[in-house]
Amino acid sequence: MPNYRIHKTEYIDETKRISFKFDGKTYFGYEGDTLASALLANGIHLVGRSFKYHRPRGIVSCGAEEPNAICQIGSKKDLTEPNVRATELELYEGLQASSQNCWPNVKFDIGGINNFISPLIPAGFYYKTFMWPKSFWKKVYEPLIRLSAGLGKSPTEPDPDIYDHKYVHYDVLVIGGGVSGIIAAKMAAKNNLKTLLVDDKKILGGSTIYQNNESIKIDDKLSSEWLKIEIQEIKKLSNLTIKTRTSIAAYHGYNFLLAKENLTDHLPEEKKKNKIRQRLWKIRAKKVVIATGSIERPLVFNNNDRPGILLSNSINKYLDYYGVTCGENIILFTNNDSAYETSISLHKKGIMNTIVDIRKSASSELIKQAESLGIKIYFNHVVTNTFGYRKINSLEIMKLSEDGNTTVGNKIRLSCDCLGMSGGWTPMVHMHTQSGGKLDFRDEDQVFLPRENSEDQISVGSCNGDFDLENIIDKTVNKINKFLDIDNQDYQDTNIISSKENDKRNIWLLPNKIPLGKTKCFIDFQNDSTAKDIKLALKEGFRSIEHVKRYTTTGMATDQGKLSNMHALGIIADTAGVKMGTLGTTTFRPPFTPLTFGTLVGRNVGKFFEVVRKTSMHEWHVENNAEFENVGQWKRPWYYAKNGENMHDAVQRESKAARDSAGILDASTLGKIDIQGTDASEFLNRVYTNAWSKLAIGKCRYGLMLNEDGMVYDDGVTTRISENHYLMTTTTGGAANVLSKLEDYLQTEWPELDVYLTSVTDHYSTASICGPNSKKILNKLFPNLDLSDENFPHMSFKEDKLENINCRIMRISFTGELSYEINIESKYGHSLWKKCIEAGKEFNLTPYGTETMHLLRAEKGFIIVGQDTDGTMTPSDLQMDWIVSKKKYDFIGKRSLYRSDTIREDRKQLVGLLTDDPKEILEEGAQIVSNVKSKPIDMLGHVTSSYFSPNLNKSIALAVVRNGKTMKGQKLIIPMENKNINVTVSDTIFLDKENKRLNA
Amino acid sequence: MFLINCPFCGERDQSEFSSGGEAHIVRPKQPTELSDDEWAEYLFMRKNIKGIQFERWNHVHGCRKWFNVVRDTSNDKILSVYKMGEKPPVNYK
């Protein structure tokens, strides 16, 4: 097995050998390796296939910007993870990784045929091809696209890992632990500011930590040695918290940031167990220092995507940090000085290398150093093509013309096993722009830079466009002193020697003799978009960068175009003849690198996913086989499955019992608002459509509440308990909103009213007993209470004691039966319920759930707000004009009831529907028409409630139908998938129109 | 995620608040006197400007008080907060 690890470094512990599997084969690496460095040490460059053309792809970088080396980790159904960047994943014993987007394997991939038919699949291919024939979309195109789409495989079982959230507050947050971040953190912390320093890597130090070039020195030490001392120092600072393996995912307004801390991803499986895997930090910082550095740019030339082609600086890091060389005969292709540092490092380790530089000439210290070492440099040359299928084996270079627009002279073929590219540097301005910051373009080296615009955040170091060490340190110190309003002198005497010259010759798309249409000059490696695609998009008329991006999918892969966006912009600017500064950038959106859903939800999974509200009777319902329905956050009994019966049978039994003898419902979830104050009656007058002033003490009244637009908002019964004291009930789902709305009016529109509102929903539990025998049951529970119709009529209220405990009893009915609601303090709710059940035994008192409640009220034509209404129904639409006071001068929504739109006669109105076949039950939501032959079919309305009534022995339904009020007796049709159902419009009240049962 | 300085409780996270749209839209005292157009103006029309906007906010998961906020919608900076019934600060127009 080849070994490309050629020297020892302090970051690799060769005493700790680690075995891991890649694509099923076992390899070895060491502690300190990433998956990428370990693969390279084993001579493996080819790690995946590209998304569209399935071209072989290799490791390109050594960090978060990696577009190619994204792997599937693990194979377990619950723990496997796709799209993990091998350049960031720390190696651990037993790691299993595999390449993605290839079948049957990475070396021989069937999808590779796409590479050869690539002229047939240009940008916008999907939009252009799958348009017709229309009928092909659902059955042919979509399944095919779905089959071939996507990178990697999602886990198919719930994630067993534990994730955590943490909220923190700091005076200063420093993002990035490179040289400028370390200086900033030290200055802040030494000035008594509570400081947090985060870095996504395992150790601090950025790219300076492995810098060993003799021409870059600080205080007469190698810059890396100097930085190590600084790091030792800041670790001693008591008010500085350092979090490594922690990356900022999002920078929101008001300095609110989300950071992901990796806690166990670098540990072997047995050590991961029962530990928190990742923690999401929710950070509020008074000030934020952004020191996120910069990333190297690739160059755009023909076949620039072969395995073995990396960023030049990454080759340097693999060598000096991991001790791994990416090849034995390396060519560095550059437009600036950075590649010379790599070249000198390689030379020092005895690795043969050659430089191809597109600049005409240059003469900085670094270049002189390289020249004196005898490194071959081709100035004014450009790489025009590369060769080698699974790995680069040679390339062609040509001389550039004077203006740089074309190539001249003969091709020179150079053999190599690795190519390093250096197109200059792109400052990482993601954090700055996410926070709302704007960018300015610097023409000199073609970079977008943060525009300082806030007192609360600042960018320092190379993310601010400062690239040489002297500049970085001086500027960082000055800026931080000013930003934090301090006067730190620690670095005043620091003596820095660095190469300041860095001429650059920027050509976004390098010239080539081959026509562009026949080249593969990749811009976005992960989404396989090329320079040709960008030009095609422009030719087809796309101008906005946001449109070109979406049409070509450039920058839309999991790496979000960290390596590709600048080139796309550059080529658009060049082609369209506009300045890059005017063109602008696409939006930088969070997250910076992908987050798992686990991290985002933290502990809020399973039973912690949402708050569950249970009534005090809940346990009884569970013991008695209740199936539950979620109503808002409440768990309400839906039906009680006695002896294993299904819902239909349970509802038929429950609703029959309620009408024939007695039923009991847990009504505790209804919203309850206690209203007190001398203006309580006036307040109710203003919020309900009907009049309240004359309601006698001890009486109850049903009220309808509208929005200011005249549409029904909520309903419920309100009881006058004493002169200035009411108890309002609301729908279960509307309770919180009704309270908010009432508070809003009281505080903002009518602050002069003396009214106090208190939510008492949770304070009282309610058992509602209905049916002809309910009075007898009440009599057993409250033997001293006079239940006669004279003393306790319908819509009235009494207080009595149940074994010394106060109860509020309302005689009100939502079923049309004689009915009582008993309210008791919630702690006694369970006991009340059991006593009711006990007292009701001899009368077959049957507990019923929400489904039966819905059926019983539908038989009576009572609406449910939110089921029979949808925010577009006025009282008149509901045929409830009787509840709208004509006398009251004003109430919420009154004026809207005679707007031209609300008085239209052809509004949708509530009606009853009876099916011609009484056994046929309509589907709620089904459309209603009068004629199925006309095209398009005129939709008249829809079914809102539908049930089979055992008491009437037929199917009944409520519906909203255009002009429904005038249609009684008319035949309509409900067209369903397989048949048309014939119905007749009826009254909304199906049972007991005379309300005899209320006093039965 | 804003930090909002509730005039009753002090600075709190945005997640404790709910927004109530444009401020200083007074409910007409005599709605019945208004034409459809005038009523629609009150009911539906909102400025929704880019720049300095007067808004209503409710400390719904706190003291439940409504109050007014002056916010620059172009950068989300909250420039001032004041209680219901108080006059809007004059230096923002």
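This is a predicted model: local features need pLDDT of at least 70, side-chain atom pairs count only at pLDDT 80 or more; totals for chains, interfaces and linings use all residues.
Residues are numbered from 1 along each chain as its sequence is written, chains are lettered from A in the order in which they are written, and side-chain values use heavy atoms, with hydrogens and water left out.

I begin with chain A. An automatic or database domain assignment divides chain A into domain 1 (1-157), domain 2 (162-294 + 427-497), domain 3 (298-356 + 374-423), domain 4 (516-588) and domain 5 (905-999). Between the C-alpha centres of domain 4 and domain 5 of chain A there are 57 Å.

I turn now to the interface. Contact, meaning heavy atoms within 4.5 Å, links 26 residues of chain A with 29 residues of chain B. The two chains bury about 2,400 Å² between them, 44% of it on carbon and sulfur atoms; this is the accessible area (1.4 Å probe) lost on being put together, summed over both. In chain A, the residues that lose the most area to chain B are A:Tyr254, A:Tyr889 and A:Arg895, together 29% of what that side buries.

A:Arg895 also pairs with B:Asp36 through a side-chain salt bridge (2.8 Å, N to O). Between chain A and chain B, the salt bridges number six, each a side-chain nitrogen of Lys or Arg within 4 Å of a carboxyl oxygen of Asp or Glu.
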